[in-house]
Amino acid sequence: MMNKKFPILYGGDYNPDQWSEEIWKEDMRLFKLAHINLVTLPVFSWTMLQPSEDLYEFGWLDRILDLLAKNGIYACLATSTAAQPAWMSKKYPDMLPVDVDGRRRVHGKRVNFCPNSPVYRKFAARLAGKLAERYKNHPALLIWHIANEYGTYCYCDTCAKAFRNWVEEHYKTIEEVNRRWNLSFWNHTLTDWEEIVVPSELNDDNKWYQEIALDYDRFITDSTISCYMEEYRVIKAITPDIPITTNISGLIKHLDQFKFAKYIDIVGWDNYPSPTDDPSTVALKHDLMRGLKAGAPYLLVEQTPSQQNWQPYNKLKKPGEVRKLSYQAMAHGADAVMYFQLRGSIGGVEKFHGAVISHAGHENTRVFQECARIGAELSKIGSRFVDSRFRSKAAIIFDWDNWWSVELSSGPSKDIKYFEQINKYYKAFYDLNISVDIVRPDSDLSQYKIVTAPLLYMVKPGVDQNLNAFVSGGGTLISSFFSGIVDENDLVTTGGYPGKLRELFGIWVEEWDALLPEEKNSMVISEKGKYLADRYDCGLLCDLIHPETAKSLACYGADFYQGTSCLTVNQYGKGLAYYIGTDPDKAFLSDFVKGVCTEKCVTPPMITPGGVEVTRRYAQDGRAFTFLINHNMEKTDVCLDKDYRDMLTDSVISGYFTLPQMGAAVLENL
Amino acid sequence: MMNKKFPILYGGDYNPDQWSEEIWKEDMRLFKLAHINLVTLPVFSWTMLQPSEDLYEFGWLDRILDLLAKNGIYACLATSTAAQPAWMSKKYPDMLPVDVDGRRRVHGKRVNFCPNSPVYRKFAARLAGKLAERYKNHPALLIWHIANEYGTYCYCDTCAKAFRNWVEEHYKTIEEVNRRWNLSFWNHTLTDWEEIVVPSELNDDNKWYQEIALDYDRFITDSTISCYMEEYRVIKAITPDIPITTNISGLIKHLDQFKFAKYIDIVGWDNYPSPTDDPSTVALKHDLMRGLKAGAPYLLVEQTPSQQNWQPYNKLKKPGEVRKLSYQAMAHGADAVMYFQLRGSIGGVEKFHGAVISHAGHENTRVFQECARIGAELSKIGSRFVDSRFRSKAAIIFDWDNWWSVELSSGPSKDIKYFEQINKYYKAFYDLNISVDIVRPDSDLSQYKIVTAPLLYMVKPGVDQNLNAFVSGGGTLISSFFSGIVDENDLVTTGGYPGKLRELFGIWVEEWDALLPEEKNSMVISEKGKYLADRYDCGLLCDLIHPETAKSLACYGADFYQGTSCLTVNQYGKGLAYYIGTDPDKAFLSDFVKGVCTEKCVTPPMITPGGVEVTRRYAQDGRAFTFLINHNMEKTDVCLDKDYRDMLTDSVISGYFTLPQMGAAVLENL
Amino acid sequence: MMNKKFPILYGGDYNPDQWSEEIWKEDMRLFKLAHINLVTLPVFSWTMLQPSEDLYEFGWLDRILDLLAKNGIYACLATSTAAQPAWMSKKYPDMLPVDVDGRRRVHGKRVNFCPNSPVYRKFAARLAGKLAERYKNHPALLIWHIANEYGTYCYCDTCAKAFRNWVEEHYKTIEEVNRRWNLSFWNHTLTDWEEIVVPSELNDDNKWYQEIALDYDRFITDSTISCYMEEYRVIKAITPDIPITTNISGLIKHLDQFKFAKYIDIVGWDNYPSPTDDPSTVALKHDLMRGLKAGAPYLLVEQTPSQQNWQPYNKLKKPGEVRKLSYQAMAHGADAVMYFQLRGSIGGVEKFHGAVISHAGHENTRVFQECARIGAELSKIGSRFVDSRFRSKAAIIFDWDNWWSVELSSGPSKDIKYFEQINKYYKAFYDLNISVDIVRPDSDLSQYKIVTAPLLYMVKPGVDQNLNAFVSGGGTLISSFFSGIVDENDLVTTGGYPGKLRELFGIWVEEWDALLPEEKNSMVISEKGKYLADRYDCGLLCDLIHPETAKSLACYGADFYQGTSCLTVNQYGKGLAYYIGTDPDKAFLSDFVKGVCTEKCVTPPMITPGGVEVTRRYAQDGRAFTFLINHNMEKTDVCLDKDYRDMLTDSVISGYFTLPQMGAAVLENL
């Protein structure tokens, strides 16, 4: 966590403005019953804080903060700027966003402002400043929380103007824009800055001009950061020692979080898995969050203590499920477990969202009791592993620019999805309990033995050198189909795919075939080693590879390109570069990753039965904390590799250790 | 029917302005061949009646009305206001509605006006007045028909202003609005009336702020009634003795018809079942129409004599099918059987809609002959059972506010559909031929032995007392999952579900699980009695019930809540309150309803074989008319419980009586 | 081809403005390697030709045209008007179209202008004139290519005004418009021209007023032709001897191409089959293109040499597949085989579209080699069969007005699709290798023995006489369900279906049943002859036919209309008129068409094994060229009916001739 004085944080969002002060008092009792030590507020109370342009009212906030302090509970103090007052939208309608269909939105919902609106920015910064001044010395103040789940794409005239400025700043001349966006295609050639039009449904019918749309994605990230920084700067100037966060929505595609994270003191995110998500998907997102600031612990800012309300079918969380998800978060680097929400609203869009304190209003519910148990456990053991870190030997490269561009692409297949591909490769490591860091294409890779860069469609400047250096220094690199295609502007690198990675992989991809969803091909393994089987299924896309310096390890089993290589390895300096030219089945990835990890001696913390996740965090002083998470719906015995201290029971354990269904444990090295 | 002089009405919509006067004459011959006694006109002829702002022309209408009178045919005189003239839309474009996407509509279609438009209202009332003045003493005039299938949701500035006034009238202060809509959620707090924004796609992306959207539904009903009343008042003042109707579209959700029906002299509706609708669905809608004015007979204003044109696949009605549907209508309380349309248009959107007189233009068609047969039968027997009523001992509570709010809800499951739930319970009674009245939550329930209130999510003020009184007086109440949740503003009643119904049902519902569509659970019956089997399937939603004073009759068979109660009964005063905490399969409902009806001695008019519907209407003088409808596609023998007079053959029948496939009969008690 | 000096044309689209002049030179080398003799350019370079309103720059175009001429390659000189400059859209925003949702589009995409915009038309014509003046004597100039894939439907005020004028020109009086559009329906009655509103999503919710929408389709065709003619006239005045084309998009429904083709010197089209298209679908479209100018050869202006990029899944073309598609084009009358594109763009929406010169940039690719092989073959044999024609004895009637109106229809079934029906009947002939001409309803039919007019819903003035004359003169006519229903304004012909065709077919269709997708009926054959089986499946729509003078050949096998006729033949004069009253399965159509062709002695050029297509073109001097196309994925032996000269090997062949998989050959009569 941000500094050593922090305990594991446990709590969540609370809306005192929806409740009477009598209920506040009752809630203090309930919070303490549940060992809650952090309350986030007020996330959505701008109007109550500023009922009109020149009037601010903080009395009620004073009272609730004082009450928290009196009860020994910290506040994650929100700036309340995620939803501007109705009076403000009415008086300054230009602050409302214009949507991708060209429609000016009207007041409502939330996060419903143009991120480039000068009026919004001015009022948001002013409110943040007033809060900081007023509460800078308040004993409850632990963390600042700016706005909420940023991510609005706006297409208004303000944004269009700002976008033109952004383009001019980046490319300097119209000629350079024409070149970087290849605008002679379809006569999109510009002769003046004013001719730049934002990409929307009004000009492109879902077949957007990718080079422009990609830069619009970048521009929106930059605009959002700039909007956020208006509040950040004013708060930081007043309370330089209080860390600042903002929570990332689960829909993480909208904004480049690697870029955003540079401006955030502590990363925070909201974890709302769908009932059908595999545990590995949740784990991947946690690892991505940990990766945003290069391994620093982060906050799980929101999860639901039971059902959600905005999914099509909102299943209950079963007994133990919230606890399991909470320990999984900490197992991947979270130092906070927080809920949306502490008490359930009686009206509004989310009234049927789970809450620690349900509509029944008391502690005698299954959900409250489970939350209280987690709180009790964390108050006992959390401070011991807080701020501990990972020591991963494997990494996966992740890149928002690549995500955006490969999914903006028109062709070769609409089913090429970046996150899905990352997830497939991640799962192969996850199933082996191999710890993986999620890194940027330009991250320092020297600490890793294995780096995987699936679907690395875009190779930005320097990335080829970074990968070359990693491999030539002895690392093992794995990449996959449709990689090395374009530069940072989504312009194809000519001369033969995979472009700037061609020498590294030692191959030329002459062309590719996109398969229909019902079509399959197969990979016939020619160099099996001891991990690979004879044949695997594959589909989606088939790169037709000419190995140059690489060695072919497998060929396609069907179609006119039967016998053409689909899997290669290239010795490059001291390392190896694998290229998987198609989308293999899970069995291949499992076997292949197992083989590569074995070759490189990359091992899990402990061997566990299927369904039991294990991770390890290390304190700076060398103490090691092993997290065991049982995803099985039955109790499972783990054969411990040595003796440990079971932190929850405070006893030394050895031999077989039994985890109940959906159980979790934290073991400390002796 | 409205008064005793009325015969059974038989006829339909006719558009004289689409045909030459020669064809009018031929049509009179054909109408009489078919025993048609009522013609609705002119529904869509405003421009021909008022070709410009200051010019009215009634000559052609005089001629057709005179022709009808001369031929002994009544007119259902339409005010022709459902589609304003093109010149009017052009001159007063503000009368065109703004749609939910914020787009001002352009002239076209029909029912394409803002219900709050002062200009539309002024012109509509003026035309209605002129028609009333001109035809008040016309011998053909039998009924007034205002406009057509109201139901436009408009989002224009006029409506926004009217909505703000509506809100102010209802809640008086801004503070009260903030409270009633729980607007502190997501900082929707208002500081001024002018800040109220109508809920539309422009602010809410399908996740509407339910409390506001619910009141907008109510407001649109009120606006539409107010629009309709502009015509009603002027007509009533001129022809106080002529009853006034307007036809309800099959899409009955849009407007609260219970509320609307108060302002209508005779209820009328348009019955367009889809080819896959079960007969019970049609029956339910008929019973709902009968319920709108507490059992008064109503008009079947439109049905098609054969195929429709606006369904995806427009199947023919088979021989006997229209006759069967016509008798089913009367079996449920209709005193009129009318068609859209008497002669088929040659152009326009509905030219392939069925008509009594098809494009062939003569009587020698299968469809005409069937219509003529029905007409002949009705002219023979209809006047005998006209104005007869039902004596139901069972009722189902139906409520538009509940419909709107439960389907506006975000969570727990998108598949919770009110009408579908009502239909499932209704079908259990229907299959037993138990007559059911559809009543309001605040209706007087004293005449009933069994009242069913499925999915009674919203409990409006007084409803809990009404139900308590019914049960404590000895009645049996049946309700189901997700009931008792909110008040009249869609705000959750805290303290434990089912809120204000908790004492009545003697249970506490701690939480609920929403099942995925492919998931099932089961109800394991612990108290079988003689009607229930050991186990039934259930799904959709599972309330987890703690019986308090209630007795558990069944528990869930699976998941972590296996063994938790899912069906309870509570003795409350002299009666019983059953709570079905999940969505059971049809077999359960069938068995359960059979058991309850037997216990309460609620019986059908006669026992019939499967597929043979039977209902009974009673004249004020005590005569009883038993309707038999054979929905089977083969002839079916009914064993009569006693001797009857078969009204169509005018003969006394006894023992086995054979209904042909899709046959219908009306039997009079001897 | 247009005149005898033309060779077979081989080449495609080239975008010199996307490449350096060094690459131009390299491309000349590659073009010649591939035997390319025609390059289309510059299709999208308006801004480079006219960087501002008063500045034109042709220097770069001079240089590339000179380079082409120097290398002996012709230019298909494009006017570059399909995408206006950004500066022009910005300065004259009214030239941007308003879409069917009423939204003014913004600059972007392509073909993104209002076809009625006076500004667009002025600038387009001015540019075309400048190009014509400058290059009228350029040695490279062979053909003009105006704009690109016209087809924009615009709904702006300019169009609305033009539409009102169009209506007034066609119908002269408001009364006539009211009559022709049957506007009394739903009170759409007009009193003034200004009241006419264009049909869009703003007034009709997908249930458009068909009569108006049909005329809007016609109006857009007329507007587009008029827009095109602005360029045509100015070019023709300057270079009267150079033929002018414009390419028809594969989405051919938008514009009435029969009407458009009158204004084009040579028809050209873009062939982009989906991977799942049957070869007969491609063949049908080719025959339609040949039919546009009554049998004149046409240009295949675009096809991809390998994958596309804008389909959901963009499969590679397999080895031989592009060659097969190229020969299939010529087998149906094309005298040009051209590609989009010669060199693949590095950026923009279509960067992953196939190209002769791929991103690798050299000739050593599978795709380039196949293109070069085709080029070599065509340069050897193409000039010999250029401008040869067909001698078909069978025709299919095709009509855009019918297409539009039958698919605008509301009812009887949403699955009635005109092109699909045409395709089913076409395939029955195609599978027999019977050459079919696609003709207009008013074409001279005297050369044909068999004319098929499936789903001839609309019978325009004179069409009934044309068909009557054809049959009474001895021809055999085949039509199908839902025919003869409406006149040229989509108004029903009353008195009994099939209206004006009733006497010809000798039947009365009293009504029809629309079947659900999962429903089937059957045709029970009563008069089998030697070609028909006992029974076939049918579905979609079932006309209930009363034979009058016709003889019934089959009856329905199920439903209440079991035993009702579904297939009839009528002797009319010297000929026969068959009416197929339902949608039969493929087996029926295959057997039925085989029988009719045998009766009428309409035979294929040669009997071939399944999957081997054969067509024959005739030179004016009587030489005959037989095209053999093997669609099988294995080599197939064809037993030649006599000796031929194999043009590719220049050898005489006889007996069995082997075609490799996807192979093609051209045989000349000896």
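I started with helix α12 (residues 321-331) of chain B: 10 of its 11 residues are buried, so the helix is largely enclosed by the rest of the structure. Buried here means under 20% relative accessible area, exposed means over 50% and partly exposed is in between (1.4 Å probe, protein chains only). Helices (H or I, at least four residues) and strands (E, at least two) are DSSP runs, numbered from the N terminus.

Ground rules before going on: this is a predicted model, where local features need pLDDT of at least 70 and side-chain atom pairs count only at pLDDT 80 or more, while totals for chains, interfaces and linings use all residues. Residues are numbered from 1 along each chain as its sequence is written, chains are lettered from A and ligands numbered from 1 in the order in which they are written, and side-chain values use heavy atoms, with hydrogens and water left out.

Back to the helix. Just after α12(B), I found B:Gly333 with a positive phi of about 120°.

Then I hopped to chain C and picked C:Gln303, in the loop between β8 (298-302) and α12 (321-331). Is C:Gln303 buried or exposed? C:Gln303 is buried, at a relative accessible area of 2%. Its side chain makes a polar contact with the side chain of C:Ser326, at 3.0 Å. (A polar contact is a pair of N or O atoms within 3.5 Å; within protein, one must be able to donate a hydrogen and the other to accept it, and residues adjacent in sequence count only if both atoms are side-chain atoms.) Leaving out residues up to four places away in sequence, C:Gln303 touches C:Val322, C:Leu325 and C:Ser326, and also C:Asn271, C:Tyr272, C:Val337, C:Met338, C:Tyr339 and C:Phe340. Contact means heavy atoms within 4.5 Å.

**Salt bridges**

I ran the search over the whole structure and got 135 salt bridges over all chains. The rule is a side-chain nitrogen of Lys or Arg within 4 Å of a carboxyl oxygen of Asp or Glu.

I looked at A:Arg121 and A:Glu230, whose side chains meet in a salt bridge at 3.8 Å, N to O. A:Arg121 lies in helix α5 (residues 118-135) of chain A and A:Glu230 in helix α9 (residues 210-238), so the pair ties together parts that are 109 residues apart in sequence. A:Arg121 counts as buried at 12% relative accessibility, whereas A:Glu230 is partly exposed at 29%.

Next came C:Lys236 and C:Asp265, with the closest N and O atoms 2.6 Å apart. C:Lys236 lies in helix α9 (residues 210-238) of chain C and C:Asp265 in the loop between α10 (257-261) and β7 (268-270), so this bridge ties together parts that are 29 residues apart in sequence. C:Lys236 is partly exposed at 21%, and C:Asp265 is partly exposed at 26%.

**Where chain B meets chain C**

How many residues of chain B are in contact with chain C? I got 49, against 54 residues of chain C. Chain B and chain C bury about 4600 Å² between them, 57% of it on carbon and sulfur atoms. That area is the accessible area (1.4 Å probe) that two parts lose on being put together, summed over both. B:Tyr313, B:Val349 and B:Phe352 supply 17% of what chain B buries against chain C, more than any other three residues.

I found 7 salt bridges across this interface. One of the bridges I looked up joins B:Lys351 to C:Asp490, with the closest N and O atoms 2.8 Å apart. I also noted 27 residue pairs in polar contact between chain B and chain C, both residues at pLDDT 80 or more. On the side of chain B that touches chain C, α2 (46-49), α4 (86-91) and α13 (366-385) each supply at least two residues.
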